[in-house]
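This briefing is meant to be read with the sequence and the coordinates at hand. It opens with local backbone features and then turns to helix packing, aromatic pairs and loop contacts.

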Amino acid sequence: MATEAPQLLPTLKQEPDPVKAVTPLPVGWIVGLLSVVLAASVLLAIGIGTVQITPKELLAIVLHRLGVSTQIPFREEQEIIFWYIRLPRVCLGILIGTGLALAGTTLQGLFRNPLADPTLIGISAGASLAAVLTIVFNLNIHLFGGLLGSYTLAVAAFTGAGLTTLLVYRLSLVNGHFRISTMLLVGIAINAFVMALTGLITSLANDQQLRDLTFWNLGSLGGANWTNVLTITPFILIAAFGMPGLAKSLNLLSLGESQAIHLGVNMKLLKRKTILLSTMAVGASVAMAGSIGFVALIVPHIIRKAFGPDHRIVLPGSALGGAIILTISDTLSRTLVAPSELPIGVLTALMGAPLFVYILLKEKNKRYD
């Protein structure tokens, strides 16, 4: 009589996948949530000020521009302030916040260092040096015969950021190969040299030039207009659409550079794209609004803590988070001491530095528990 064959291998109990067991929020939900917060921040920024604009009045103003009449009354003064002062300022803040946060996220992913930000590779320092040269030596008059006019400072800052980053990149090549560790060291050295030059040239400035340099270095959106918005938009949009495509490669890079190469990541292309897009975003932002600190550093931290380290989530989350932070900061900067205005860079540092210290202390305590 036939007997059953003994079961040589035990039946394994199907255990739940720990990665799938803790499923993060879908990207769509996160983007939707942050978009709602951004919309609320924009409504707050547009409505608050010396002249108040309620949501109903805002709706009536927009519909009036579209040729639709409503029964909601509003003053002509409110319409002018909305279209020509507050809306371009809010749009500029959204663009700059998006650009700075995306640059910080990609650079932190590339260097695999949560403390990385655009200052590491000389973007901000190069822009500052070019701005100092422009202000102290009146390049707005001498450069191209004054053809650039009020945009000389912006063009100079963007050019300075690009040239400094290019210099750091070229000096980082070892036998034709680009190394992140070498770039980090070169960036620190070039930053120190450029900042020394900036200090030397600043010492030659007169009182009015020193005042201009101080306010530029502290950052401000006070000069926002539609021309500025249209000028910066192409640079930020290119970065905003290009950086999310790096998410998969940055995720693999977190395993280590050699592992990423074995998994098919083109490291040379990834490094070039990251540096180019970051320089484009930060250079354009610094050129239009001056130096605004801590946005590129702290926003990626907040998004990672809230939604996890996956760059497919962190990149769009940081873009929206940066826009939210800068919109709220600018609203506070122009209302806290109205009719005067606080430099927005001061507010971002006041908000970002304590939060950053808190995150570091929390991580330290967690590590040694």
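**Backbone features and overall make-up**

With a relative accessibility of 44%, Arg112 counts as partly exposed, and this residue is found in the loop between α4 (76-111) and α5 (123-136). The model is a predicted one, and its chain holds 16 helices and two strands. Of the 369 residues of the chain, 44% count as buried, and among contacts between residues at least 6 apart in sequence, 75% join residues at least 24 apart.

- Most residues other than glycine have a negative phi, and most peptide bonds are trans.
- Arg112, which is not a glycine, has a positive phi of about 50 degrees.
- Phe294 is likewise a residue other than glycine with a positive phi, in this case near 75 degrees; Phe294 sits in the loop between α13 and α14 (295-307).
- Because its relative accessibility is 28%, Phe294 counts as partly exposed.
- The peptide bond that leads from Ala338 to Pro339 is cis, with omega near 5 degrees, and Pro339 is placed in the loop between α15 (311-335) and α16 (344-368).

**Packing of α10 against α13**

- Two packed helices are described by the angle between their axes and the distance between the axes.
- For helix α10 (residues 226-242) and helix α13 (residues 267-289), the axes come within 9 Å and cross at roughly 155 degrees.
- Since angles over 145 degrees count as roughly antiparallel, α10 and α13 are therefore roughly antiparallel to each other.
- The crossing in which α10 passes α13 is left-handed.
- On the α10 side the contact is made by Asn228, Thr231, Ile232, Phe235, Ile236, Ile238, Ala239 and Gly242, which meet Leu277, Met280, Ala281, Ala284, Ser285 and Met288 in α13.
- Sorted by class, the residues in this contact of α10 with α13 are 10 nonpolar and four polar, with no charged residues.

**Packing of α4 against α14**

- The axes of α4 and α14 are 7 Å apart, and the two helices pack at an angle of about 70 degrees.
- Angles from 65 to 115 degrees count as roughly perpendicular, and α4 and α14 are therefore roughly perpendicular to each other.
- The α4 residues in the contact are Gly97, Leu100, Ala101, Gly104, Thr105 and Gln108, while α14 contributes Val295, Ala296, Leu297, Val299, Pro300, His301 and Arg304.
- By class, the contact of α4 with α14 comprises seven nonpolar residues, five polar residues and one charged residue.

**Aromatic pairs**

- When rings are paired if their centres lie within 6.5 Å, the count comes to two aromatic pairs.
- In one of them, the ring centres of Phe82 and Trp83 are 4.8 Å apart and the ring planes stand at 65 degrees, so the pair is edge-to-face.
- Both partners count as buried, because Phe82 has a relative accessible area of 3% and Trp83 has a relative accessibility of 15%.
- Phe158 and Phe235 form a tilted aromatic pair, with 4.9 Å from centre to centre and 50 degrees between the planes.
- Phe158 belongs to helix α7 (residues 152-171) and Phe235 to helix α10, so this pair ties together parts that are 77 residues apart in sequence.
- Phe158 is partly exposed, with a relative accessible area of 27%, and Phe235 also counts as partly exposed, at 29% relative accessibility.
- Phe235 is also one of the α10 residues that meet α13.

**Loop residues and their contacts**

- Leu263 is located in the loop between α12 (257-262) and α13; residues up to four places away in sequence being left aside, Leu263 touches Leu252 and Leu255.
- The C-alpha atoms of Leu263 and Leu252 are 7.6 Å apart in space, and the two residues are 11 residues apart in sequence.
- Gln52 is placed in the loop between α2 (27-47) and α3 (55-65), and, not counting residues up to four places away in sequence, Gln52 touches Gly47, Glu57 and Gln78.
- Gln52 and Ile81 are 29 residues apart along the chain, and their C-alpha atoms are separated by 9.9 Å.

Definitions and conventions:
Residues numbered from 1 in each chain as written. Predicted model: local features only at pLDDT ≥ 70, side-chain atom pairs only at ≥ 80, totals over all residues. Heavy atoms only, no water. Axes fitted to C-alpha atoms, helices over the stretch in contact; angles between N-to-C directions. Helix = DSSP H or I, 4+ residues; strand = E, 2+ residues; numbered from the N terminus. Parallel < 35°, antiparallel > 145°, perpendicular 65-115°, else oblique. Left-handed = near helix turned anticlockwise from the far one by under 90°. Contact = heavy atoms within 4.5 Å. Nonpolar A, V, L, I, M, F, W, Y, C, P; charged D, E, K, R; others polar. Phe/Tyr/Trp six-rings, centres within 6.5 Å; stacked < 30°, edge-to-face > 60°. Buried < 20%, exposed > 50% of the residue type's maximum accessible area, 1.4 Å probe, protein only.
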